[in-house]
Amino acid sequence: MTQETGGARKLSARQKARLAAAERAERFERREAERRRLAEDVILRLDEADEFAAETERLVADLRRDRAARLTEKSATVDALVVELLGTGVDAAEAAERVGLSQAEVKAARRRHAAAVTPETARQRDEEAVVSHPS
């Protein structure tokens with residue numbers, strides 16, 4: 001009888017060892033699954049962040065291009081208005097004082113405007129003025 005009890009204990013110890021090993025393996029698998037899920041989430045979030053950064057860079061570049069174009073247009077308008085003011089007979093010093101620019105800035109506006117106005121652009125401007133203000 002001693003052997004049966006001893007044999008039963010050995011079998012029971014083996015079963016316990018197998019159960020313990022199965023539980024350890026199950027815990028290992030759960031931890032591994034969680035680690036894989038977390039790693040996948042990290043990779044996904046990194047990809048999303050990269051895409052967001054690229055999209056915002058595109059938007060910023062578009063805004064900068066638009067800003068540059070608008071500033072160029074507005075600067076050209078200012079230059080034309082300064083030249084128009086000078087055309088009323090005021091000198092550069094008086095024009096500068098009236099608009100809050102330095103004389104050098106007034107003279108630079110005149111130079112930029114003269115460089116921007118070619119015979120072709122002057123003719124187009126005159127044609128547009130005739131169309132918008134018919135006699």
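Me: Start with arginine 98. Buried or exposed?
Reply: Arginine 98 counts as exposed, with a relative accessibility of 58%. The cut-offs: buried is under 20% relative accessible area, exposed is over 50%, and partly exposed lies in between (1.4 Å probe, protein chains only).

Me: What kind of model is this, and what are the ground rules?
Reply: The model is predicted, so local features need pLDDT of at least 70 and side-chain atom pairs pLDDT 80 or more, while totals for chains, interfaces and linings use all residues. Numbering runs from 1 along each chain as its sequence is written, and side-chain values use heavy atoms, without hydrogens or water.

Me: Back to arginine 98. Which residue does it form a salt bridge with?
Reply: Glutamate 94, with the closest N and O atoms 2.9 Å apart. A salt bridge here is a side-chain nitrogen of Lys or Arg within 4 Å of a carboxyl oxygen of Asp or Glu. Both residues sit in helix α2 (residues 92–99), four residues apart, about one turn of the helix. Glutamate 94 is partly exposed at 32%.

Me: What else is on α2? Start with the buried ones. Which are they?
Reply: Ala92, Ala95 and Ala96. They share one side of α2, because their arc around the axis is only 100°. That arc is taken from the directions from the helix axis to the C-beta atoms. The face turned away from the buried side has the exposed residues Glu97 and Arg98.

Me: And what happens just after α2?
Reply: Glycine 100 takes a positive phi there, about 80°.

Me: Zoom out. How many helices and strands?
Reply: Four helices and zero strands. From the N terminus the order is α-α-α-α. Elements are DSSP runs numbered from the N terminus: helices are H or I with at least four residues, strands E with at least two.

Me: How much of the protein is buried?
Reply: Of the 135 residues, 9% are buried. The accessible surface is about 11,400 Å², and carbon and sulfur atoms hold 57% of that surface. Those areas come from the Shrake-Rupley method with a 1.4 Å probe; for residues, only the protein chains shown count as cover.

Me: Which residues make up the largest nonpolar core?
Reply: Eight: Val82, Leu86, Val90, Ala92, Ala95, Ala96, Val106 and Ala109. A nonpolar core is a set of buried Ala, Val, Leu, Ile, Met, Phe, Trp, Tyr and Cys residues joined through side-chain atoms within 4.5 Å. The elements giving two or more residues to this core are α1, α2 and α3. The largest share, three residues, is from α2.

Me: What does valine 90 touch?
Reply: Neighbours within four places in sequence aside, valine 90 is in contact with Leu85, Ala95 and Arg98. Contact means heavy atoms within 4.5 Å.

Me: Over to α3. Which of its residues are buried?
Reply: Val106, Ala108, Ala109 and His113. Their arc around the axis is only 160°, which puts them on the same side of α3. Ala104, Arg111, Ala114 and Ala115 are the exposed residues on the face turned away.

Me: What span should α3 have, and what does it have?
Reply: Its 14 residues (103–116) should span 20 Å at 1.5 Å a residue, and the end C-alpha atoms are 20 Å apart, which agrees. The expected span is 1.5 Å times one less than the number of residues.

Me: Salt bridges again. What's the total count?
Reply: Ten salt bridges. Among them, arginine 30 and glutamate 26 pair at 2.7 Å, N to O. They are four residues apart in helix α1 (residues 2–86), about one helical turn. Arginine 30 is partly exposed at 47%, and glutamate 26 is partly exposed at 47%.

Me: Which residue pairs with aspartate 62?
Reply: Arginine 65, with closest N and O atoms 2.1 Å apart. Both are in α1, three residues apart. Aspartate 62 is partly exposed at 39%, while arginine 65 is exposed at 53%.

Me: Which residues are linked in a network?
Reply: Glu34, Arg37 and Asp41, through salt bridges.

Me: Last one. Where does valine 117 lie?
Reply: In the loop between α3 and α4 (119–132). Valine 117 is partly exposed at 26%. From alanine 80 it is 37 residues away in sequence, and 9.5 Å away in space, C-alpha to C-alpha.
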